Amino acid sequence: MSVSSDLHLLTGVYAMNALPEDERAEFEEHLADCDSCAQEVAELQATSVGLNLATELAPPSHLRSQVLAKLATTPQSPLETTATVTVLASRSPKKWLMRASILTTAAAVLGAVVLGVQGVQDWNELDALRQSAAGYSQVSDLLNAPDAKLVSDSASAGGKGTVVVSPSRGKAVFLSSGLPQLPSDRTYQLWMVGPDGPRSAGLLRDEPVVAEGLADAQKLALTIEPSGGSSSPTLPLVLTVSLV
Amino acid sequence: MQDRDLTQRIMSRDATTSTEPGETAEDLLALVARGDEPAFGRLYDLAAGMVFGLVRRVLRNEAQSEEVFQEVMLEVWRTASRFDPSRGKATTWIMTMAHRRAVDRVRSAQAATNRDERVAAMTVDTPFDEVVEQVTDRIEQRKVRRCLSSLTDLQRESVLLAYYQGYSYPEVSTLLSVPLGTVKTRMRDGLIRLRDCLGVTA
C-alpha cells in the first residue's frame, strides 16, 4: 500500500480528532495537497457534528456574561483578504488596541516613506520629512473620526497602497509602500473616482497624499503620469483602493 | 443532585435563543469576524448548547467543561475571520474546534493519571448506552440512533470511543484489542456509513 493511500485512510480518524499530535501534523500537510481528502474530511467532520445532536446541553447561565466580558480584551485575528477593512468606531478597549496597532501600521508605512527620501541631501529631504510628519498628524487626526477605516490593497506590479478614510469628514490619507521606481520624467498621481468621473487628489511625490472633498468617491486610483501630472488619468490603473 | 440538574439543562437551548429572524450562523460569524460584539452574543445563544453538550460529554467533569467551553467560545471570537464558508458549515467549524479542544484537554498531562485507570476499567458498551440514554424524541436524534445502530459493532465502538471519549486511535486499538490498521479503516468506514445514512453534505 502506498504512503498516500495509507494517509487517505486517516480521513475518518482525523475528522474525529483521534490522531496523536505528531500524526495530526503529518496528515494536515498531506491534506493541504489532497483535494479529495479535504472534501472527505469536511463531510466526515459534518457527520461527527451530526452525531452530537443527541447531546445538546445548556451551559450554566452565568458563563454567558463571563465570556462576553472577555471579548473586549481578546484580540481577533485579522481578516485574511487582499483588501482589508477595519472599522474603528467603538471606544472599547479592544478597539483601542486595534487603533493603536493601525497607528503602528501607519507609522511603519510612513517610516518607509521617510527611508525612501533619505538619499536626498538637501531641502527636499527636510521638506519630505516635514511632509511625513504633517501626514502622520493627519493620519492620527483622521483616526479619531468615529467612522474612520483603514483600507489597503496591493498593486499588480508590486507595492501596496494604504488608506485611512473617514466618509463623514470626506477625507482620506493615502500612503504607498514598495511601488516600482519611476523614470524621472514620470510621477504617480492619485485620483478620487466617483460616479462623475475621476478627480485628481494630488501627486505621490508629496506623499502621504491627503485627499479632501471625497464627496461620493467610491475608490482611490493610482496612475503613472508625466512629471507635472495630468488633468485626466492615463490608463492602466496601477492600483485601486475601494473606499466603500 | 447534579444528574437531575444535567437532565434539566439538556435541550433547554431553545428557550434562550435570541437569534434575529433569518440570521444564520454563517451570517453571524461574518459579523463576529469584524468585531461585532452583539452578533457574538447571538452566535453564543445559537451555539452554546451544542458546544457545551459536546465538551461536557467528552470531559465528564463539570469544572473542566466550563473552562474548556469558555476557551472554545473565545476561540470562535478570536479566529472567526479564518472561517471559510466554501469549506463547510459554520456549526461544523465551531463544533470541530470544540471537539478538538475537549480532546486536547482529555489528553493533557493533568488527565494522564486517571486516564490509564479509565483505559483499564473501560467497558466498551458504555458510550453507546449513554448516547441512547440521552437522546430525546427529536426526529434527528431518532435518526442518529437508527444510523448508529446500522453500523457494525466495531465501527460503532471505534467511532463512539474516539468521538465521545476523546481516545486516540492507538488507544482505541488497545481498548478493543484490534490492530491499528483495522481501527483506522473502521473509523473511516463507520463515518462514511453514518454520512450516507444521515444524508450529510460538507
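**Stop 1: helix H10 of chain B**

This is a predicted model. Select residues 153-165 of chain B, which form helix H10. At 1.5 Å a residue, its 13 residues should span 18 Å, and the end C-alpha atoms lie 17 Å apart, which agrees.

Of the 13 residues of H10(B), 11 are buried, so the helix is largely enclosed by the rest of the structure. The buried residues include Arg156(B), Glu157(B), Leu160(B), Ala162(B) and Tyr163(B). Step just past the end of H10(B) to Gly166(B), where phi is positive, at about 75 degrees.

**Stop 2: the largest nonpolar core**

Select Ala162(B) again, together with Leu43(B), Val51(B) and Val55(B): these have the most contacts inside the largest nonpolar core, which has 72 residues. Then select residues 37-59 of chain B, helix H4, which gives the most to this core, with 14 residues.

Which residues does Val55(B) contact, leaving aside neighbours within four places in sequence? They are Ser65(B), Val68(B), Phe69(B), Val72(B), Ala98(B) and Ala102(B).

**Stop 3: chain B as a whole**

Zoom out to chain B and colour it by secondary structure. Chain B has 12 helices and zero strands. Of its 202 residues, 43% count as buried. Among contacts in chain B with a separation of 6 or more, 63% join residues 24 or more positions apart.

Notes:
Residues numbered from 1 in each chain as written. Chains lettered and ligands numbered in written order. Predicted model: local features only at pLDDT ≥ 70, side-chain atom pairs only at ≥ 80, totals over all residues. Helix = DSSP H or I, 4+ residues; strand = E, 2+ residues; numbered from the N terminus. Expected span 1.5 Å × (residues − 1). Buried ≥ 20, exposed ≤ 12 C-beta atoms within 10 Å, placed from the backbone. Core = buried A, V, L, I, M, F, W, Y, C linked by C-beta atoms within 7 Å. Contact = placed C-beta atoms within 7 Å.
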